[in-house]
Amino acid sequence: ATTTSKHTVTKSAEIMKEAQDLLPGGVNSPVRAFKSVGGGPIVFDKVKGAYAFDVDGNKYVDYVGSWGPAIVGHASDEVNEALIAQLAKGTSFGAPCALENELAKAVIDAVPSVEMVRFCNSGTEACLSALRTMRAYTGREKVLKFVGCYHGHADSFLVQAGSGVATLGLPDSPGVPSASTAPTLCATYNDIESVREIFKANKGEIAGVFIEPVVGNSGFIPPTKEFLQALREITEEDGAVLCFDEVMTGFRISYGGAQEHFGVTPDMTTMGKVIGGGLPVGAYGGKREIMDVVAPAGPMYQAGTLSGNPLAMTAGLKTLEILRRDDRAGYKHMDRQTKKLVEGILELGKKHGHAMTGGSISGMFGFFFCEGPVNCFQDAEKTDTAKFAKWHRGMLEEGVYLAPSSYEAGFMSMAHTDEDIEFTLKAADKVLASL
Ligand code: PMP
């Protein structure tokens, strides 16, 4: 099933040419534009299971999975059936529905830090609302984040924000008032001394800390458990709120997220992606006394016309049900598949003389074209982005769809089979030989 000789993307190119006139940069989210890898984006026609099919009829093994949500495989029959049944009852109520309670219970049961939750419509909304909540709760304004971590595109977070921003080479974004980012402090990932110094210089003034508990937006970078534990201790001592941004890692690296995996419980958690099962959802939650400041329980205002949308709740509920099944067998499957894939690619890299490093935790993985270890964004910047661009296009031509940036993690799904991994490794062998 190789697509090499026949890999034409004429229709994709035509659609993207038209899109350039209609949408800024031809897309509705920057990384999709393939700016850092070149070659032009592939336009999808449909997705199913582990595969994406483009408008020219090419089939790809997909390791982007809609950037995370497609964890049980694309367009799962079960999720679709649940959605169709809900569709008949209406797409949006703008009033309470029982499904919100059901998904809230599932999230509270699963995620150690979450005693109460508020649903919204994206990860960006979840993070900006969590920030407002921690500021309202503490009466403090400063916030600490880590270089290379992305927490959505709210003004306060667009400081050294990794991923799309790193890819485009924008250290910051025009249009963000300097007053909005002045209270944002940046530390170095996996470097607890950089955190201690900032807390020392801003004692009692930091509302909270946002962190990707496993980084996906500077490529895949795991934390050390000691780093997360020390962060927990420092924030507790200072009275600052610790928020794990689990928009990417939540229900992905384990059912209870990174906090369950590492056994470190923050005060607040933001979520998105998987909990919407492919529909637009975000959520933030945490300790009851913190969430009690959120309106209308408390004075911190945050709202949404489509929040708690019955379709999104339905897709999320069915997705979580599938993930819980058979003693959470899906996670064991994804863990095996990512290990096979990453170990296989690193071995092939060695065979063909490329400096490479990488890793995985269950359904999330990544690798860099440089010598390891990569412990922070500053290390990740050593990756050979020109080589990555060739690798990315080569893999695409072989029928493998990888994230179009060196600074993005990869996502496995429950639908990826041994055959898919073998197919991918065969493609990798060929492409790595050609670089
Ligand atoms: N936080 C993290 C860790 C993310 O990875 C993302 C998106 N990739 C966001 C927040 C923002 O989520 P959204 O794109 O749904 O606004």
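Me: How do β1 and β2 pair?
Reply: Strand β1 (residues 44-48) and β2 pair in the antiparallel sense, over 4 bridges. Pairing here requires at least two bridges between two strands by DSSP, and strands are DSSP runs of E with at least two residues, numbered from the N terminus, while helices are H or I runs of at least four. This is a predicted model, where local features need pLDDT of at least 70, side-chain atom pairs count only at pLDDT 80 or more, and totals for chains, interfaces and linings use all residues. Residues are numbered from 1 along each chain as its sequence is written.

Me: Nice. What stands opposite F44?
Reply: That's D54 in β2.

Me: And which residue in that hairpin has a positive phi?
Reply: G49, near 60 degrees, in a hairpin with 2 residues between β1 and β2.

Me: What does F53 stand opposite?
Reply: K59 in β3. β2 and β3 (residues 59-62) pair in the antiparallel sense over 3 bridges, and their hairpin has 4 residues between the strands, with G57 in the turn at a positive phi of about 90 degrees.

Me: New topic: how many residues surround the ligand?
Reply: 16, the closest being S122, G123, T124, G152 and V247. Near means a C-beta atom, placed from the backbone, within 6 Å.

Me: Which helix gives the most to that shell?
Reply: Helix α4 (residues 123-138), with 3 residues.
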